[in-house]
Amino acid sequence: MKKTSGTNEEGSLSASRRVYLDLRKKITEMTLLPGTRIVERDIAAEHGTSRTPVHEAVQRLTEEGLIEVTQRVGTFVARIPLDQLEEAMLVRTALESAIIDRAAARITPEGLERLRRIIAEQHVSVDGLDYQGFHNGDEIFHETLADIAGLRGVWKIIQQAKTQVDRYRRLTLPIPGRMKGVVLEHEVVVDALEKGLKREAAIAMHEHLDHVLPVVEVAKMLRPDYFTNHLSGGRDPFAGV
């Protein structure tokens, strides 16, 4: 009986993680938009599992601030908390400054080629208005810099810190000129690395990251219903939904 129980428990954990990863991906990629109602019964049916793994996944996402559970109202995809964006970018900028500093000291022709190839693919995404492909390319560009620097563990920390920023960034990609501007900023960083200009590379990266938050006001004007000025808790953020 113990063996069966253990097997069932392992299966439940596997299903929970599967649902968690699927929901998290849909939320961060803005497939599930802020304010969307989460119905555990429907998700369980979609994944062919019981409601227990779904409930576990929802609890984990609630702890991460991606899902909001409001008593007597329901469970929803959380709105993007504006007061978390600045803190997340402060963390990201500090850590990416360390990455670019180390990458400048370790860059090789092979590393430069990897970065140039990613930028070329991003240009293709810009021309094709491929927002998903562009976002993926942006992630790969920064991850590759961390790899070149020998700081892949730092990139994992950055990924955890910037979850809410990623949701917001997805909203900014359709803004005219936004994607092209990002690629040009990537090129300035790589040009500095290629020339061995360590200080210029650090400045270019800092300016690149500094351009993320000013676009918030534009995104808010486009979809004000996707944002909240407060962290979860206190007032009902979904009043009127």
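Two strands count as paired if DSSP finds at least two bridges between them. Keep that in mind for the first stop, and note that this is a predicted model.

Stop 1: Select residues 67-70, which are strand 1, and residues 74-77, which are strand 2. The two strands pair in the antiparallel sense, over four bridges. They form a hairpin with three residues between them. Within the turn, click on Arg72, where phi is positive at about 65°. Then look across the pair: Ile67 faces Val77 of strand 2.

**Stop 2: the two sides of strand 2.** Side chains in a regular strand alternate between the two faces of the sheet. Show the side chains of strand 2: Gly74 and Phe76 point one way, and Thr75 and Val77 point the other way. Are these residues buried or exposed? All of them are buried.

**Stop 3: helix 8.** Select residues 163-172, which make up helix 8. How many of the ten residues in helix 8 are buried? Ten of the ten are, so by the cut-off of under 20% relative accessible area the helix is mostly covered. Charged residues are among them, including Asp166, Arg169 and Arg170.

**Stop 4: Arg167.** Stay in helix 8 and centre the view on Arg167. This residue is buried but has no salt bridge. Now show what lies around Arg167, leaving aside neighbours within four places in sequence: its contacts include Ile27, Thr28, Met30 and Pro34.

**Stop 5: confidence.** Colour the model by pLDDT. The average is 88, and 90% of the residues score at least 70. Helix 5 (residues 109-127) has the highest confidence at 98, while helix 1 (residues 2-28) has the lowest, with a mean of 71. Select residues 1-12: pLDDT stays under 50 there, and the model has two contacts beyond four places in sequence for this stretch. Residues 231-241 are also below 50, but have 21 contacts beyond near neighbours in sequence.

**Last stop: the whole chain.** Zoom out to eleven helices and four strands. Of the 241 residues, 45% count as buried.

Key:
Residues numbered from 1 in each chain as written. Predicted model: local features only at pLDDT ≥ 70, side-chain atom pairs only at ≥ 80, totals over all residues. Heavy atoms only, no water. pLDDT = per-residue confidence, 0-100. Contact = heavy atoms within 4.5 Å. Buried < 20%, exposed > 50% of the residue type's maximum accessible area, 1.4 Å probe, protein only. Salt bridge = Lys/Arg side-chain N within 4 Å of Asp/Glu carboxyl O.
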